[in-house]
Amino acid sequence: MTTTVTLIPGDGVGPELARATRRLVAAAGADVVFEEVTAGRKAFEATGDPVPADVIAAIKRNRTALKGLIGTPVGYGYESPNVRLRKELDLFAAVRPVRVQPGLRGRYDDVDCVVIRESTEDVYSGIEHQVVPGVVQSIKVTTRAACERIIRFAFEFAVSHGRKKLTLVHKANIMKQSDGLFLRCGKEIAPEYPQIAFEALIADNASMQLVRDPSRYDVIVAMNLFGDLLADLGAGLVGGVSNVWGSLRGESDVVVYEAVSAGDDALVGQGIANPLPLLRPAVAMLRHIGETAAADRIDGAIARALADGVRTKDVGGQVTTEGMIDALIERLG
Ligand code: IPM
Ligand code: MN
């Protein structure tokens, strides 16, 4: 049965990576049709809205989406379209595996944890104002409802994935109200899951421990900002953005698979960007829709190509984006 998946290429090198990904997915024999929609700068220029209603409608209709990184004006301008999309679809859980992948070595050989990040609140509320010139406030929003559902999500994830431990990361020594609430919710809910060991770590210490000995972690649950930082910290330990991806989940069956790196804007139009940051979430998406054989073939091809030294420039190689796809197609087996 053919599955239709919404594809949001994103900004920057996104369209180049989307084209490359489509070619590889087709070559791997996946029975997928991509419905492409535009969000980000081009949508903003055309419609005045970086996340037009048709993007949300297409995701809701197809239930599964693949999204490149959508750029955000830094220090001014509209709210991040990535954040808008998470909030509008109420995709409150960002699941980001941090795992050593065959081929591209990271700093550790023994890392397999999952960062589960709350994705609708915290300092991502977008509520900011100037009190008087030179004094501004950015409001961190934390609700009990959001704390409880992300913590329950994390425990349920741990149980259904055979995980043993959940680490809740907070800064409740400083943010006694917001992070205090998050920590309290964790302690309240933990007894419902006696089979999962529960611990709470303060964010700075948690970061040091992650760099020193990532193998001590299993599942990590954090609010939006710390989750963002921990996921990228983890990515850096396992070979960078070539090796990680994210999925966004909520209470419905809508799942958005996303690239977690913006890519390098300087590379736009040169055809030399690394396709792996979009190929990783694409493979996870294929597994989700039941295209397991195609996903296995692509994973195998990536491992073999990397082992053969086929790499784009950003990871020390020579091949172009499409050259990498050619090399992967040759190795699909
Ligand atoms: C991510 C990104 C986004 C975030 C940016 C682009 C808004 O860093 O998906 O991790 O901070 O969530
Ligand atoms: Mn991030």
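This is a predicted model: local features need pLDDT of at least 70, side-chain atom pairs count only at pLDDT 80 or more; totals for chains, interfaces and linings use all residues.
The contact between them involves 18 residues from domain 1 and 22 residues from domain 2.

About 1,700 Å² is buried between domain 1 and domain 2, and carbon and sulfur atoms account for 59% of this area. On the side of domain 1, the greatest losses of area to domain 2 fall on Phe-92, Arg-96 and Val-98; together, these residues contribute 43% of what that side buries.

Polar interactions were also computed for the interface. Eight residue pairs, both members at pLDDT 80 or more, are in polar contact across the interface of domain 1 and domain 2. Two salt bridges are counted between the domains. A salt bridge joins the side chains of Arg-149 and Asp-90, with an N to O distance of 2.8 Å.

In terms of secondary structure, the side of domain 1 that touches domain 2 draws at least two residues from each of helix 4 (81-88), strand 4 (93-99) and strand 11 (246-249). Strand 4 provides the largest share of that side, with six residues. By residue class, the side of domain 1 that touches domain 2 comprises eleven nonpolar and seven charged residues, and no polar residues are found there.

Note on methods: Residues are numbered from 1 along each chain as its sequence is written. Chains are lettered from A and ligands numbered from 1 in the order in which they are written. Side-chain values use heavy atoms; hydrogens and water are left out. Contact means heavy atoms within 4.5 Å. Buried area is the accessible area (1.4 Å probe) that two parts lose on being put together, summed over both. A salt bridge is a side-chain nitrogen of Lys or Arg within 4 Å of a carboxyl oxygen of Asp or Glu. A polar contact is a pair of N or O atoms within 3.5 Å; within protein, one must be able to donate a hydrogen and the other to accept it, and residues adjacent in sequence count only if both atoms are side-chain atoms. Helices (H or I, at least four residues) and strands (E, at least two) are DSSP runs, numbered from the N terminus. Ala, Val, Leu, Ile, Met, Phe, Trp, Tyr, Cys and Pro count as nonpolar, Asp, Glu, Lys and Arg as charged, and the others, Gly among them, as polar.
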